[in-house]
Amino acid sequence: MDRSVFAERRRRVAEALRAAGGGLALLPTAPERPRNRDTLYPFRADSYFWYLTGFGEPEAWLAIDDEGHSTLWCRPRDPEREIWDGVRLGPEAAPEALGVDRALPIETLDEQLPTLLSGRPAVWWPFGVHEGLEARIARWIEAVRAKERQGAEPPRAQRDLTALLDEMRLVKDAAEQATMRRAAQISARAHARAMQRSAAWLREAPGQTWREYHLEAELLHEFRRQGAQAPAYPSIVAAGANACILHYAAGDAPLAPGELVLVDAGCELDGYASDITRTFPCDGRFTGPQRELYELVRAAQEAAIAATHPGARQRDAHHAAVRVLAQGMLELGLLSRERHGSLDDVIEKAAYRQFYMHGTGHWLGLDVHDVGSYMQEDEPAVEQPDGLGGRVVKKPSRILQPGMVVTIEPGLYVRPAEGVPEHYWHVGIRIEDDALVTPEGCELLTRGVPVHPDEIEALMRDASERPTA
């Protein structure tokens with residue numbers, strides 16, 4: 001993204017500080033974390049910090065005052081360390097490269113912060129995000145307080161910066177939308193590749209055992225081949241009965257003819273996540289019972305998509321999906337009318353949760369489960385169903401507006417149980433797409449990979465050892 005995008009975001013932060021009475025906003029990036037011994041996990045910048053700077057090096061801080069001035073602290077250039085770890089931007093080049101007003105060596109942070117804090121009515125920082133940050137800010141405030149006789153004035157209030165930034169991040173600007181669109185395209189190609197590979201393997205090398213981790217490798221290959229930096233979250237590749245485990249990690253279970261495989265995977269591109277789930281037959285052809293359940297989930301997703309538009313509430317998509325799923329459970333015999341009653345009874349008592357136990361979507365952005373309140377905070381709390389068969393008093397669900405991005409991901413997970421038709425046992429299905437709310441409705445960013453079962457079968461039927469480019 002162009003540096004002007006980040007400058008505009010910092011300007012908006014300063015404007016919000018002024019509107020709230022003034023102050024200084026402080027934000028560190030994420031720490032480097034050891035994986036084992038002298039090996040670190042791959043570094044990823046803190047999402048809030050990246051949102052305001054676009055700066056991806058560790059050991060960095062940002063300060064924004066209510067007049068709009070921004071100060072960055074970062075590691076200085078170090079020819080010796082750069083041989084080992086790579087070239088650093090350095091404080092001399094940072095103002096030009098990032099558009100901040102000034103940049104200082106990270107070693108001066110403790111020296112500079114008390115001066116910056118003096119005379120500010122409040123200090124804003126992200127509560128509950130960075131371990132030890134509260135204590136460090138307390139020391140800086142104490143250093144200001146120690147000089148009160150010399151005219152220093154410590155902040156009298158501390159405010160949560162995340163509350164301000166979450167609202168900004170919830171509505172994506174044009175640059176964010178473009179990045180998320182590209183991330184979705186990359187992930188869709190990876191899913192199509194996985195579908196084609198699975199069919200080709202089972203058709204052309206039937207005597208060889210192909211496993212979940214083989215498909216995971218195809219996903220990762222396509223992510224990097226298309227320029228994504230990393231997976232946005234650990235990929236779920238769940239074959240057969242493993243698809244009934246919601247957060248199953250790709251393991252070594254075989255891809256078997258006649259079974260489904262559920263793949264929940266998405267790449268991260270320039271900090272932004274994509275999130276797609278597709279369920280498809282390992283050998284490229286749905287069985288009759290599999291198709292029945294799949295079509296039910298697909299109908300539930302279509303109902304949820306229709307409920308995703310400006311003015312609707314975020315939870316409306318879930319309610320729409322649940323109604324379709326619950327009706328289908330009764331019609332297919334997963335739930336019996338004699339035991340569970342009517343459709344409204346099934347929903348009121350949450351009997352559907354035997355087969356559908358999660359929500360239908362979440363915010364998506366810099367984090368795969370992105371920030372932003374799911375409730376409409378300016379409305380009073382009301383009594384409503386809690387989704388577990390009871391009632392709860394809380395604020396209504398958030399009203400959708402253009403620029404918000406949500407996932408739409410109904411599912412159905414059938415474990416063996418008394419009264420459940422055996423031909424549905426061990427079948428887990430989820431279909432997930434990323435939806436950008438637009439003035440007209442919503443744009444599905446991830447339909448570069450098919451959803452209709454006939455289209456999935458056609459893609460897999462045409463597969464060869466050379467998957468979709």
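**A sheet and a helix**

Modeller: Strand E9 and strand E12 (residues 267-269) are joined by two bridges in the antiparallel sense; strands are DSSP runs of E with at least two residues, and helices runs of H or I with at least four, numbered from the N terminus. Two strands count as paired if DSSP finds at least two bridges between them. This is a predicted model, where local features need pLDDT of at least 70, side-chain atom pairs count only at pLDDT 80 or more, and totals for chains, interfaces and linings use all residues. Residues are numbered from 1 along each chain as its sequence is written, and side-chain values use heavy atoms, with hydrogens and water left out.

Biologist: Which strands stand at the edges of the sheet?

Modeller: The open sheet has three strands in the order E9-E12-E13, with antiparallel pairing. Each edge strand has a single partner, so one side of it lacks a neighbour in the sheet. The edge strands are E9 (230-231) and E13 (272-273).

Biologist: Which residues of helix H4 are buried?

Modeller: Buried means under 20% relative accessible area, exposed over 50%, and partly exposed in between (1.4 Å probe, protein chains only). On the other side of H4 (residues 90-98), Glu92 and Glu96 are exposed. The buried residues are Gly90, Pro91, Ala94 and Leu98.

Biologist: Within what arc do the buried residues of H4 fall?

Modeller: The arc is taken from the directions from the helix axis to the C-beta atoms. Seen down the axis, the buried residues of H4 line one face of the helix, because they fall within an arc of 110°.
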